[in-house]
Amino acid sequence: MTTPSAAVVILAAGSGTRVGAEVNKVLLPLRGRPVLAWSVLTALAVEGVDPVVVVHRPGERADVGAALLPVIGEREVLLVEGGATRQDSEQAALAALAPRVADGSLDVIAIHDGARPLAGPGLFEATIAAARAHGGAVPTHELAGLLPRDAAAAPAPGGPGTRLVGVATPQAFRAGPLLDAYRAAARAGFDGTDTAAAFAQFAPAGHEVRAVPSGPGNLKVTFAEDLEVAARLLA
């Protein structure tokens, strides 16, 4: 019997507004490659991943294809047109993968922001493994919190010892329950901030979302200075 594979969906349907660019920020150059290409090449290098899906903005299929072709060579990447919101784009990718989930050839789906070029293969592998074991997994890292000057007058949220945790991508989930959750979310008109929000709200009982340790280096390119920081980290 063939071992089921994992799919990696890379979301590239954003814009370049906050980074100050006239083009999609994932198409901007980063140490000789488009930002998007770093995530795609990493996903292609993860053992047991097939396929890799890139969700692009309407009208950008040719631009995304042209940006990726020189760096992926003969490797296959599926291009899917996204929607107006993140959840719309995720649903488009899940619809494209649904036949593979139905025939049992695909058991886990990881969803990653194309604007996070520094996530390494180990992080993809860890989230995929945790999703297989528990239902879902998200990378987290501890954030530095801000405490008020007069703690007695305005205690920190959550009380003493509260830790602030950042959640990033790739986020991975068992494929069947993820599709079920998104179908239920669509019926309810739910539009979450990330994949884990919809999964936690609508996945069938018995599926737990586990935290996978990550680090602050898995930054998201949002502003122009983020490109400079990413370039230094890659160096």
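This briefing covers ring contacts, salt bridges and helix packing in one structure.

The structure is a predicted model, in which local features need pLDDT of at least 70, side-chain atom pairs count only at pLDDT 80 or more, and totals for chains, interfaces and linings use all residues. Residues are numbered from 1 along each chain as its sequence is written, and side-chain values use heavy atoms, with hydrogens and water left out. The count of aromatic pairs is two, and a search of the whole structure gives eight salt bridges.

**Aromatic rings**

- Rings of Phe, Tyr and Trp (its six-membered ring) pair if their centres lie within 6.5 Å; planes under 30 degrees apart count as stacked, over 60 as edge-to-face and the rest as tilted.
- By this rule there are two aromatic pairs. One of them joins F173 and F199, whose rings are tilted, at 4.7 Å centre to centre and 40° between the planes.
- This pair links distant parts of the chain, 26 residues apart: F173 lies in strand β9 (residues 171-174) and F199 in helix α6 (residues 195-202). Helices (H or I, at least four residues) and strands (E, at least two) are DSSP runs, numbered from the N terminus.
- F173 is buried, at 0% relative accessible area, and F199 is buried at 1% relative accessibility. Buried means under 20% relative accessible area, exposed over 50%, and partly exposed in between (1.4 Å probe, protein chains only).
- Another pair is formed by F190 and F202, which is edge-to-face because the ring centres are 5.2 Å apart and the planes stand at 70°.
- This pair also links distant parts of the chain, with F190 in the loop between α5 (175-188) and α6, and F202 in helix α6, twelve residues apart.
- F190 is partly exposed, with a relative accessible area of 26%.

**A charge over a ring**

- The charged end of R33 sits over the ring of W38, 4.5 Å from the ring centre. A charge sits over a ring if NZ of Lys or CZ of Arg is within 6 Å of the ring centre and within 35 degrees of the ring normal.

**Salt bridges**

- A salt bridge is a side-chain nitrogen of Lys or Arg within 4 Å of a carboxyl oxygen of Asp or Glu.
- E90 and R86 form a salt bridge, with the closest N and O atoms 3.1 Å apart. Both residues lie in helix α3 (residues 86-102), four residues apart, about one turn of the helix.
- E90 is buried, at 1% relative accessible area, whereas R86 is partly exposed at 25%.
- R116 forms a salt bridge with D113, the closest N and O atoms being 3.6 Å apart, and both residues are buried.
- D180 and R183 meet in a salt bridge of 3.1 Å, N to O. They lie in helix α5, three residues apart, about one turn of the helix.
- D180 is partly exposed at 36% relative accessible area, and R183 is partly exposed at 43%.
- Salt bridges that share partners join R86, E90, D113, R116 and K220 into one network.

**Helix packing**

- α3 and α5 pack at an angle of about 135°, with their axes 10 Å apart. α3 is therefore oblique to α5.
- Axes are lines fitted to C-alpha atoms, for helices over the stretch in contact, and angles run from 0 to 180 degrees between N-to-C directions.
- Angles under 35 degrees count as roughly parallel, over 145 as roughly antiparallel, 65 to 115 as roughly perpendicular and the rest as oblique.
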